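Colleague: Can you walk me through this one? I have a few quick questions.
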Amino acid sequence: MKKRITALCLVSAMAVTMLAGCGGDTAKQGSSEAEGTGEEIVINYPTFQCGVNTAAPVVDQLISEFNEQYAGKYRIEKEEVPGDQNYIDKIKVQLGTGDLPPVVYGGGYNLLDLALAKDVVVDLTDAVNSDPEWKELYTDAAMTTNSRDGKIYASSSEGNLVGYFYNKELFAKAGLSGPATTWDEFWDQCDKLKAAGITPLALDTADSAWVTSLWMGALVAAEGDDAVAFLKQMTPDDYNNPAMIKAAGEVQKMLQEYTTKDAIGGKYEHAANNFLSEQAAMIANGPWMMSDFSDETKAAPGFADKVGVAIYPGSFVYDAPIQGYFVTKQDDPALEEAAIEMVKFFTSEHAQQVALEVQGMVPASSKVEITEKAKEAYPLLAEFLDLAATAKVRTDNLQATMYPNLLDVVSQELPRLASGEITPEQYCQILTENAQKN
Amino acid sequence: MNRTWGQLTNRGRLLMILKYIFLALCVIVALFPIVWVVMSSFKTNAEILTDGISLPTSFKFTGYEQAIAISPILKYFVNSVIISSVATVANVLFLAMAAYVFARCQFRGKNILFWLLSLSMVVPMTALLNPVYLVINNLGLTDTKTGLILVYTALNLPMSLLILRSTFLSIPRSLEEAAYVDGAGFVRTFFQIMLPCAKGGLASAAVLAFLNNWNEFTFALILTSGQDARTLPLSLSYFTSQFSFNYTAMFAAITIAVIPSIVIFALFQEQVVSSLTAGAVKE
């Protein structure tokens with residue numbers, strides 16, 4: 001009996017120590033709260049900008065500089081949440097449990113409105129207005145993107161200047177001298193490329209169909225002022241307008257006649273690979289793709305020299321800041337102050353310059369100088385910025401303004417639109433019905 | 001008795017050929033995904049995306065080097081081994097005790113309690129996210145291996161309970177009666193007589209629990225923030241983001257991630273299969 005009790009005690013002790021030994025650093029558990037290590041406040045910052053994300057080196061540099069500048073006062077602890085969707089999922093769970101980190105990057109995922117609906121976002125209006133240098137960086141478009149009901153809730157560091165890239169060599173093979181300036185000319189170019197045995201467009205339908213959605217938005221923008229006003233509207237709940245229906249019809253034509261077979265069900269990666277491996281002549285995408293052109297694990301050597309950049313027919317370019325960083329309400333006011341400092345630092349002129357030079361990211365503010373270093377590192381970017389400056393029509397992209405639940409709907413319905421299972425009218429009606437569920 | 005090729009009739013030979021063709025197809029179907037992943041880890045991004053089933057043009061280990069450089073895969077690997085192993089041992093130990101009681105003891109509400117525990121298998125993972133996050137957070141166990149171990153131990157409860165109860169039911173009662181006659185108590189009978197007899201069921205429950213723990217992603221993502229408690233499946237997300245990808249490194253990382261699962265299943269597959277059918281025939 002005694003032996004048995006001793007054995008049981010030993011087993012219990014072993015189990016307890018085994019579990020205790022597996023425990024992490026308990027001091028890290030409250031990392032989203034201010035920690036009392038002297039006067040230093042630790043800001044836990046989850047980010048998906050890690051791993052292969054092109055912004056990862058930028059974030060690392062900014063964190064390192066911030067920690068150096070505010071040494072002893074504030075410190076950022078980076079939490080890597082690899083994968084954009086994983087980040088969104090985690091933020092949504094934390095939103096549900098009221099345990100959001102002090103700083104959230106809204107990115108292109110419209111997380112700001114989800115957080116505002118829960119009333120957990122700190123109003124930055126006073127902080128921005130009291131700092132002329134910070135306020136100066138807000139362009140009108142940035143103010144619109146980051147404000148709700150006249151109050152500033154977020155701050156942007158990145159611009160969303162998006163045109164399209166084309167393969168000059170494939171264009172020359174089809175007898176084309178350069179990008180189209182009108183949509184009629186564009187369709188004519190598609191026919192000529194097709195006749196020359198070249199697939200004109202790299203498209204996708206999965207994972208919210210980013211590339212295809214860019215073409216759709218550009219087609220909508222070509223339909224006049226009302227259509228542009230529609231594109232500028234945040235979270236529209238009615239897609240049944242003539243411009244959208246016409247654009248959906250033209251995208252249907254693109255998917256049926258002018259793209260690769262793997263576009264249906266294909267993700268961004270497939271579209272990018274089709275362009276990078278010269279299987280398609282054009283791809284709509286932002287300047288962040290430029291570094292891929294000279295990446296020999298993705299493209300053949302010398303491919304970068306074959307790529308040209310253009311704004312869309314009808315003198316249109318996507319030009320809107322990407323929704324920026326916002327601060328969430330915390331129990332400790334000192335942590336909120338630290339978070340505001342971090343947001344200010346991450347969206348400063350210097351931070352935007354770093355992103356431009358390291359990543360080739362277009363700054364959110366027009367005040368940021370395009371340095372020679374940036375032009376040298378990304379010559380195509382300099383060319384694109386000059387072209388973009390001539391664009392007469394500018395607006396945000398469709399995905400940035402739509403309700404988040406529509407992103408999945410787009411992925412589900414585009415293949416059906418491509419196969420002819422639904423008409424452009426039905427496609428717009430489905431978007432409307434799902435938008436109205438919000 | 002097996003007959004040689006020469007002794008078979010034409011019909012017998014035809015049937016044998018068809019049998020081997022069928023078996024070969026089964027082997028190809030089972031092996032194809034594994035071979036495909038391993039082959040892809042030697043291909044470039046363009047080769048993977050352009051022609052998924054083509055052979056690699058060269059066998060370089062660049063993907064493996066990149067996998068280790070881009071993500072903390074080795075650290076996560078060690079974490080996965082610790083978390084999956086401890087959670088598996090805890091799960092099998094505690095559930096064996098529970099299953100033995102359910103199999104042998106009579107008490108009021110036994111069946112209701114058993115089915116209640118078994119029904120937790122059908123609760124969707126997403127429905128568990130918020131409550132589990134809150135509980136683990138309130139316990140101060142977020143971002144710890146202990147937190148994940150507790151969650152994984154519980155997540156595998158229904159499956160292990162079903163398997164182990166069936167296993168104990170399949171063991172003849174006369175063995176226990178003999179132990180009691182020889183003077184063994186309840187605990188000794190359980191640990192020294194019943195557990196060794198339930199070896200197959202224990203192995204089966206352990207393998208399934210280990211595989212679930214090894215592959216689990218969602219809770220590992222939600223309940224951890226640092227590198228000390230994160231597990232291998234998370235490392236696979238380092239290789240794709242919305243506008244960037246490195247499939248070569250990702251397939252190399254998948255190869256590293258799946259090898260232990262394959263080895264464990266290969267070693268214990270007989271126990272798994274036999275114990276899943278145990279209890280079908282009772283004494």
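Colleague: How much of chain B counts as buried?
Modeller: Of its 283 residues, 41% are buried, meaning 20 or more other C-beta atoms, placed from the backbone, within 10 Å of a residue's own. This is a predicted model: local features need pLDDT of at least 70, side-chain atom pairs count only at pLDDT 80 or more, and totals for chains, interfaces and linings use all residues. Residues are numbered from 1 along each chain as its sequence is written, while chains are lettered from A and ligands numbered from 1 in the order in which they are written.
Colleague: What helices and strands does chain B have?
Modeller: Chain B has 14 helices and two strands, taken as DSSP runs numbered from the N terminus (helices H or I, at least four residues; strands E, at least two). Chain B is more spread out than a compact globule, because its radius of gyration over C-alpha atoms is 24 Å, well over the 19 Å of the globule rule for 283 residues (2.2 Å times the number of residues to the power 0.38).
Colleague: Switching to chain A, in which sense do β1 and β2 pair?
Modeller: Parallel, over seven bridges, with β1(A) at residues 41–47 and β2(A) at 74–80; pairing takes at least two DSSP bridges. A:V42 has A:R75 as its bridge partner in β2(A).
Colleague: And which residues of α21(A) are buried?
Modeller: A:Y427, A:C428, A:L431 and A:N434. They sit on the same side of α21(A), because they cover an arc of only 130° around the axis, judged by the directions from the helix axis to the C-beta atoms.

Conventions
Buried ≥ 20, exposed ≤ 12 C-beta atoms within 10 Å, placed from the backbone.
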